[in-house]
Amino acid sequence: MSELFLNLENKKILITGHVNPDGDALGSALAYKIILNELGIESDVCFDIKGSLPSNLNHLPFDLIDDSVANQYDRVFVFDCGNSDRLGKYEYLASEAKEVVVVDHHINPTFGDIKIIDTTAASTTQVLFREIKKYGYEISKEIANCLMTGLVTDTGRFQYSNTDSEVFNIASELMLAGAELTKISENIYGSIEMSGVKMQSLIIDRIELDEEIALVTSFVLQEDYKRFGVKESEVDFLIDVIRLVKESNVALLVKEQIDGTFKGSLRSRNDIDVQLVASEFGGGGHKAASGFSSSESFEKIKLRVKKSIESQF
Ligand SMILES: [Mn+2]
């Protein structure tokens, strides 16, 4: 029996995930929320969302997310978040809860009383899928769409190196359960607002290639969002544009935050482990895709990333 479905009665339950949740965090948390709803078990869903949720994920049931939280919870279920400080402003709810259950696929998760973790899984929705199957629960179309969203986004549309036969087996089962792959893919990858596409041209224009270490970089400033009238939550796709450069092995996109600090996204297409690079800034993720925050300048960040990559040669 999966720990996810044991002793849920008469408990105050919170479902959450990492700050500014992506398709995998939202997909896994909302799939679990739907199941609890169907089982007649009350729960709250909350994320620390800076700005707004990305509109390219609005095929997910955003209406299940609550605006406010209770003072305390008996049990907190955390999805797609290996480090409690990545819970942002809701970290205290996890540290004050009687029990924290972490469902994840990140490397070196650092918290949780119960850990349901597989660092080799492509997505957290994959880990959750297995638990649902163990429980013998029937997956509805709604749940299938949530789980598929995490699978699609974390495998880069079934293209990253984490895409193995199990991923396709799960995708196949989700299709049988009614998952709308075309609708999901079109919303996530096929529909970017005009202003976002325009802004992309600027970010492409700023691309620099360090041929020696095959590193490609670009950056986004706060003033760019204003100039193009684009919300920060709408440009998560930009890193995928940067990483297209054939001559590069590692891509770095640095985005200025509202407080003047920077958020870095890293992608690797060879043996360079960008999780190691991100960890130098206190960030994390996976070998092929990682992220971090830094209060240093773009130039300093670039230099540190460069050194870190060189140390892996
Ligand atoms: Mn994930």
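The legends below describe close-up views of a predicted model.

**View 1. Two domains in one chain.**
The protein chain is divided into domain 1, residues 3-189, and domain 2, residues 194-310. Their centres, taken over C-alpha atoms, are separated by 25 Å. Domain 1 gives 11 residues to the contact and domain 2 gives 10 residues. On the side of domain 1 that touches domain 2, four residues are nonpolar, seven are polar and none is charged.

**View 2. The five-stranded sheet.**
Five strands form an open sheet in the order β2-β1-β3-β4-β5. Pairing in this sheet is parallel. Strands β2 (44-45) and β5 (114-117) are the edges, and each pairs on one side only. Strand β3 (residues 75-79) and strand β4 (residues 99-104) run parallel and are joined by five bridges. F77 has V101 of β4 as its bridge partner.

**View 3. Helices on the five-stranded sheet.**
Helix α1 (residues 23-38) packs on this sheet. Strands β1 (13-17), β2, β3 and β4 are touched by α1. The direction of α1 makes about 160° with that of β1. Helix α3 also packs on the sheet, where α3 touches β3, β4 and β5. Between the directions of α3 and β4 the angle is about 110°.

**View 4. Helix α1 beside helix α3.**
The axes of α1 and α3 come within 8 Å. They cross at roughly 20°. The two helices are therefore roughly parallel. From α1, the contact takes D24, A25, G27, S28, A31 and Y32. From α3, it takes T124, T125 and L128. By class, the residues of this contact are four nonpolar, four polar and one charged.

**View 5. Helix α3 against helix α4.**
Helix α3 covers residues 124-135, and helix α4 covers residues 141-154. Their axes come within 7 Å and cross at roughly 140°. That angle makes α3 oblique to α4. What does each helix bring to the contact? Helix α3 brings T124, T125, Q126, L128 and F129. Helix α4 brings L147, G150 and L151. Four residues of this contact are nonpolar, four are polar and none is charged.

**View 6. Helix α4 across helix α6.**
Helix α6 spans residues 181-189. The axes of α4 and α6 come within 10 Å. They cross at roughly 50°, so the two helices are oblique to each other. The crossing of α4 past α6 is right-handed. N145, M148, T149, V152 and T153 represent α4 in the contact. They meet L181, I184, S185 and I188 of α6. The residues of this contact divide into five nonpolar and four polar, with no charged residue.

**View 7. The six-stranded sheet.**
Six strands form an open sheet in the order β6-β7-β8-β9-β11-β10. Pairing in this sheet is mixed. The edge strands are β6 (208-210) and β10 (284-285), each of which pairs on one side only.

**View 8. Strand β10 and its partner.**
Strand β10 and strand β11 (residues 289-294) run antiparallel. Two bridges join them. Which residue of β11 stands opposite G285? S290 stands there. As an edge strand, β10 pairs on one side only.

Note on methods:
Residues are numbered from 1 along each chain as its sequence is written. This is a predicted model: local features need pLDDT of at least 70, side-chain atom pairs count only at pLDDT 80 or more; totals for chains, interfaces and linings use all residues. Axes are lines fitted to C-alpha atoms, for helices over the stretch in contact, and angles run from 0 to 180 degrees between N-to-C directions. Helices (H or I, at least four residues) and strands (E, at least two) are DSSP runs, numbered from the N terminus. Angles under 35 degrees count as roughly parallel, over 145 as roughly antiparallel, 65 to 115 as roughly perpendicular and the rest as oblique. Two residues are in contact if their C-beta atoms, placed from the backbone, lie within 7 Å. Ala, Val, Leu, Ile, Met, Phe, Trp, Tyr, Cys and Pro count as nonpolar, Asp, Glu, Lys and Arg as charged, and the others, Gly among them, as polar. A crossing is left-handed if the near helix is turned anticlockwise from the far one by less than a right angle, and right-handed if clockwise. Domain bounds come from an automatic or database domain assignment. Two strands pair if DSSP finds at least two bridges between them.
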